[in-house]
Amino acid sequence: MMIHNPILRGFHPDPSIVRVGEDYYIATSTFEWWPAVRLHHSRNLVNWEPIGYALTDASRLDLRGVGPSQGIWAPDLSYDQGCFYLIYTVVKAFYCNMYDTHNYLVTAADIHGPWSEPVPLNNFGFDPSLLHDTDGRKYIVSMATDHRVPKKYAGRLVLQEYDPARKQMTGPVRDIYQAKDIFLEGPHLFRRKDWYYLFCADTGTGELHGQTILRAKNVWGPYEMFRPEDPYRKDGEAYSILTARNHPDVLLQKAGHCDLVETTEGEWYAVHLCGRKISEKVSADAAVSEKPRRYMLGRETAIQKMRWRDDDWLVMADGGNTPREFVDAPKSGADWENQTNAADFEWDDFDVNVLHADYQSLRIPMDEHYVSLQARPGWLRMYGRSGLASRFTQTLIARRMTEYHMEAYTCVDFEPENFKEMAGLILMYDTDNYLYLHISWDEDCGKCISLLKAENRNYQYLTEFLPLKEEKDVVLGLHIDGPYVQFSYGYRREGDKNRFSSACKGECIPIGPKIDASFLSDEACREGWFTGTMIGICCQDLTGFGKYADFDWFCVKNL
């Protein structure tokens with residue numbers, strides 16, 4: 001049995017993994033998307049099922065106002081004596097000199113919750129993680145940001161003890177890593193035999209990304225960095241035990257930010273973030289980035305098999321340090337030969353009482369003020385709120401783009417009466433970058449449809465305002481083929497009352513040009529760098545009166 005990477009496809013960065021008995025759990029970053037901290041479960045490391053989110057209470061987590069790619073960073077999931085521990089950072093300010101990085105801890109007896117009230121930890125930096133030491137003491141390590149110009153160190157890690165009884169940090173804060181050349185972040189601290197290990201991400205989160213390991217006999221250090229032989233390493237680069245840095249042809253680029261897990265049979269695996277490029281070079285008309293390659297899917301989660309050498313250093317099981325697309329599965333995963341992935345969620349008829357867990361919204365939950373599944377049974381009613389640039393109160397739900405060949409369709413009943421009322425289908429990276437096929441109203445043609453492109457706050461209509469028939473349900477579609485997307489629209493066929501059909505899809509006609517959508521990527525956005533492209537439906541009413549649109553179904557599928 002082989003594991004096929006990535007195991008979590010599309011926007012699933014910064015994985016943290018833990019095993020409890022024969023069950024494995026992964027937590028990943030969600031940034032400005034709500035709910036926060038996505039969770040997956042597996043019994044074999046091969047098949048992964050989404051099981052919801054850890055942070056779902058708006059009274060305990062306020063993401064209103066956070067910028068693109070801010071919000072929830074790098075969750076650390078661990079387990080000790082019947083209790084799950086989850087540490088995370090809430091980033092409120094990042095694209096500036098002085099970062100605001102607030103670190104919290106929540107606990108739960110069950111991975112499904114309920115999770116406790118957040119415990120404030122410290123604000124030294126982001127990416128904190130928790131060590132449960134063998135003597136019962138607990139320590140939290142994180143990177144430390146430095147606003148001084150120039151910085152005193154390129155990379156800095158700090159350690160402090162945590163008192164679970166008093167639920168607060170205790171004792172001195174000490175530097176355990178300082179470097180003027182190699183930048184480390186995403187530290188995980190663990191103990192094996194007589195050694196304490198610092199397992200750290202190095203060199204940012206782009207194509208130079210990697211994973212480094214250090215060790216010490218004492219939890220406070222001094223820590224020694226492992227320097228494995230690497231014929232491709234260049235002077236000044238980090239000593240990475242996992243990286244695609246000097247291997248541009250490897251499928252899984254950006255490899256790094258690892259966490260470790262040991263199986264019941266004593267095998268070791270590292271989960272890590274990665275990216276699959278869309279193209280070798282940017283198209284000639286790209287306006288923003290000079291970087292040669294783009295990653296529309298964002299940073300994904302992959303897994304690699306590891307082994308311990310006789311001298312107690314960790315290396316990749318098959319040698320070298322480049323990530324593999326296919327990896328040997330554990331020798332004895334629980335029921336792995338009979339377990340399959342949960343059926344992919346493609347079609348949504350909106351005929352249940354709650355939204356599917358695959359949807360996320362921006363910064364706030366979609367309560368009855370924004371959406372309703374009861375107002376018109378079998379439909380999703382979306383009440384128009386703020387515009388697409390809003391960091392506070394916009395009505396939008398979206399799902400991840402997971403492959404470079406996909407399609408999406410939705411059917412909407414919407415009768416706007418003002419040009420400030422809009423509803424439709426969106427392909428978006430963040431509030432500054434999207435392609436929006438939407439129904440609206442115009443003084444000259446009445447009910448109409450158009451396609452809006454936003455690229456780093458440069459706005460352009462790619463079509464004229466095309467008139468639509470009133471009192472007719474409209475089908476909106478998009479087709480992704482590599483970096484290109486073609487939008488389309490049509491009307492619901494008579495007789496197709498409840499379900500999308502291939503005949504209805506065939507009636508859709510292209511609207512606008514085939515668009516190079518590779519600007520929806522980390523490399524092209526001026527502010528947001530850490531998430532991924534999402535496919536969604538939304539509604540806006542800039543008059544403030546809450547005009548609604550009804551969506552009958554929404555289909556997102558791989559091709």
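Which order do the four strands of the open sheet have?

**Entry 1, ground rules.** I am working on a predicted model, where local features need pLDDT of at least 70, side-chain atom pairs count only at pLDDT 80 or more, and totals for chains, interfaces and linings use all residues. Residues are numbered from 1 along each chain as its sequence is written, and side-chain values use heavy atoms, with hydrogens and water left out.

I read the order as 20-21-22-23, with antiparallel pairing. Strands here are DSSP runs of E, at least two residues, numbered from the N terminus. Two strands pair if DSSP finds at least two bridges between them. Strand 20 (253-262) and strand 23 (314-316) are the edges, and each pairs on one side only. Neighbouring strands of this sheet are turned by 40 degrees on average, direction ignored (axes are lines fitted to C-alpha atoms; angles run from 0 to 180 degrees between N-to-C directions). I then checked strand 22 (residues 300-308): three antiparallel bridges link it with strand 23. Methionine 306 has methionine 316 of strand 23 as its bridge partner.

Strand 8 (residues 83-93) and strand 9 (residues 100-108) run antiparallel, joined by nine bridges. They form a hairpin with six residues between them. I found tyrosine 85 bridged to threonine 107 in strand 9. Strand 9 also runs antiparallel to strand 10 (residues 119-120), with two bridges. Leucine 105 stands opposite valine 119 of strand 10.

I located histidine 40 in strand 5 (residues 36-42). Is histidine 40 buried or exposed? Histidine 40 counts as buried because its relative accessible area is 5% (buried means under 20%, exposed over 50%, partly exposed in between; 1.4 Å probe, protein chains only). Its contacts (heavy atoms within 4.5 Å) include Leu8, His12, Tyr24 and Trp48, not counting residues up to four places away in sequence.
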